Amino acid sequence: ESNLKNHFETRLVRYEDIQPGDIFLVSFESISKMFSDSIFRIQFLHPSIVIQEDNEKYVIELMNYGNKKGFHKMELDEWINRQKHNTILLNKMRIESDQFEGKYMSEQQIREEISRRMVSFSQPYSDGSKKIESVGGFDSSWWRYVNPEGGYSGQKIENEVTPCNEFCVYLLIKSGVIFADKSIDHFHSDTFIGMKGFSLKKPFSYDQHYLCDLSYYGLE
């Protein structure tokens, strides 16, 4: 954690600082974290996306918690409470114009539309025959991220196979935030830092990212 704090700015983060389209990255202190640090030089293992529905903020992710496993659309407050003991980086989505896919929209409308699409495309995995009940783990399959090749050829989201980072890529493509221009093997979790590994569509950019100091979160 101290190493990460030397590399990234830290800012106080409150509930109102977090907006739909923002992306969290979490660094865990664990055996898998040691494995990723030493072999892949990956600093963060877990991305998740903020959305808004009915004026409430949620985090969409694939994650195996002790008492909740698989797909989650979790209220932001609960998510923060579960992750606050880890190191969290916040990628801030910026809306750079009032046009999205040829339509004039306010920033709020664009964020609402992105949220609506992400909820819609993640819905099949929340229940029913396609429900994700367990996340693909950090294992030898991660070697494919070392020398990625080729273009995007679609994704099959599968229970116990799909890792969290690839689910986020799926939602970002389906919602119109990023171009599907590279194979999924290009997108390990650290490529989400500042979204440096992605080709972003207009009007989106992620020009700020920083570690979260949650000392005052929820105290307002």
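Read along the sequence, which pattern does the protein chain follow? And within it, which are the buried residues of helix α3, and what do they pack against?

Modeller: Happy to! This is a predicted model, in which local features need pLDDT of at least 70 and side-chain atom pairs count only at pLDDT 80 or more, while totals for chains, interfaces and linings use all residues. Residues are numbered from 1 along each chain as its sequence is written, and side-chain values use heavy atoms, with hydrogens and water left out.

Let us begin with the whole chain. The protein chain follows the pattern α-β-β-α-β-β-β-α-β-β-β-α-α-β, with 5 helices and 9 strands. Both are DSSP runs numbered from the N terminus: helices are H or I with at least four residues, strands are E with at least two. Of the 220 residues, 49% are buried, where buried means under 20% relative accessible area, exposed means over 50%, and partly exposed is in between (1.4 Å probe, protein chains only).

Now for α3, which covers residues 76-83. Leu76, Trp79, Ile80 and Gln83 are its buried residues. Looking down the axis of α3, you find them within an arc of 100°, so they line one face of the helix; the arc is taken over the directions from the helix axis to the C-beta atoms. What does that set of residues meet? The buried residues of α3 pack against β2, β3 (46-53), β4 (56-64), β5 (69-75) and β6 (87-95). Contact here means heavy atoms within 4.5 Å.

Side chains of opposite charge can pair when their charged atoms come close. The term salt bridge is used for a side-chain nitrogen of Lys or Arg within 4 Å of a carboxyl oxygen of Asp or Glu, and by this rule the count comes to 11. In one of them, Lys68 joins Glu78, with their closest N and O atoms 2.9 Å apart. Lys68 sits in the loop between β4 and β5 and Glu78 in helix α3, so this pair ties together parts 10 residues apart in sequence. Lys68 is partly exposed because its relative accessibility is 31%, and Glu78 is partly exposed at 29%.

Two of the strands that α3 packs against, β3 and β5, carry a pair as well. Lys73 and Glu53 meet through their side chains in a salt bridge of 2.4 Å, N to O. This pair links distant parts of the chain, with Lys73 in β5 and Glu53 in β3, 20 residues apart. At 33% relative accessibility Lys73 counts as partly exposed, as does Glu53 at 25%.

Leaving aside neighbours within four places in sequence, Asp22 is in contact with residues including Ser48, Ile49, Val50, Leu90 and Met93.

To place all this in the whole chain: among contacts between residues at least 6 apart in sequence, 68% join residues at least 24 apart.
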